[in-house]
Amino acid sequence: MSVRVRRIYESPEPDDGVRVLVDRLWPRGVSKEDAHVDEWPKGLTPSTELRHWFHEGGSYEEFTRRYEAELDAPEAADLLDGLRKTARRRKITLLTASKTPAESHAGVLARLLDE
C-alpha cells in the first residue's frame, strides 16, 4: 500500500493519488477548490473530547491508544476498511492541518492503513 501524510497547506502534487482530508473541521485559509480534496470522511477523525485532551497536554502514546479504540466503533471501522480498499488499488495522501502530521491522528491512520 502507498499511504503518505501531508499538510493541507502544501500544494497538491501530481503523485498524491486520492487526497483524503482527515480533519473534522475544514482548515482555515484553504479554499475547497485549491485543496483538491477527493474524500472527507469525518467519521474517521478523533472525537472532540479526545482532540481537546491531546491539545491540553495529553501524551501522544495515550492519544494513539484512545484514538485506536475510537476507530473500533462501527462507523469508523467501516470508513477505515473503505480507505484500506482504496489504498490497495491507488496511492492515498492523508491531509491534515496539524503542524506535526506524523505525530497526529493522521500519522496513526497512515500506520493503520499500511498494516
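**Figure 1. H36 in its loop.** H36 sits in the loop between α1 (32-35) and α2. Helices here are DSSP runs of H or I with at least four residues, strands are runs of E with at least two, and both are numbered from the N terminus. The model is predicted: local features need pLDDT of at least 70, side-chain atom pairs count only at pLDDT 80 or more, and totals for chains, interfaces and linings use all residues. Residues are numbered from 1 along each chain as its sequence is written, and side-chain values use heavy atoms, with hydrogens and water left out. H36 is not a glycine, yet its phi is positive, about 55°. Most residues other than glycine have a negative phi. With a relative accessibility of 47%, H36 counts as partly exposed. The classes are buried (under 20% relative accessible area), exposed (over 50%) and partly exposed (in between), with a 1.4 Å probe and protein chains only.

**Figure 2. The whole chain.** The protein chain has five helices and three strands. From the N terminus, the order is β-β-α-α-α-α-β-α. The radius of gyration is 13 Å, close to the 13 Å of the globule rule for 115 residues, so the chain is as compact as a globular protein of that length. This radius is taken over C-alpha atoms, and the rule is 2.2 Å times the number of residues to the power 0.38. The C-alpha trace spans about 35 × 30 × 20 Å along its principal axes. Of the 115 residues, 41% are buried.

**Figure 3. The sheet.** Three strands form an open sheet in the order β1-β3-β2, with parallel pairing. Two strands pair if DSSP finds at least two bridges between them. β1 (3-7) and β2 stand at the edges with a single partner strand each, so one side of each has no neighbour in the sheet. Neighbouring strands are turned by 30° against each other on average, direction ignored. α4 lies across β1, β2 and β3, at about 130° to β3. Axes are lines fitted to C-alpha atoms, for helices over the stretch in contact, and angles run from 0 to 180 degrees between N-to-C directions.

**Figure 4. Strand β2 beside β3.** Four bridges join β2 to β3 (residues 92-96), and the two run parallel. R19 has T93 as its bridge partner in β3. L21 stands opposite L95 of β3. Along β2 (residues 18-21), V18 and V20 point one way, R19 and L21 the other, and all are buried.

**Figure 5. Two nonpolar cores.** A nonpolar core is a set of buried Ala, Val, Leu, Ile, Met, Phe, Trp, Tyr and Cys residues joined through side-chain atoms within 4.5 Å. The largest has 22 residues; V20, Y67, L71, L83, I92, L94 and L109 have the most contacts inside it. Two or more residues come from each of β2, α2 (48-55), α3 (60-70), α4 (74-89), β3 and α5 (105-114). α5 gives the most, with six residues. A second, separate core has five residues, including I8, L21, A35 and L95.

**Figure 6. Around I92.** Contact means heavy atoms within 4.5 Å. Leaving aside neighbours within four places in sequence, I92 is in contact with S2, V3, R4, D16, V18, V20, L83, T86 and A87.
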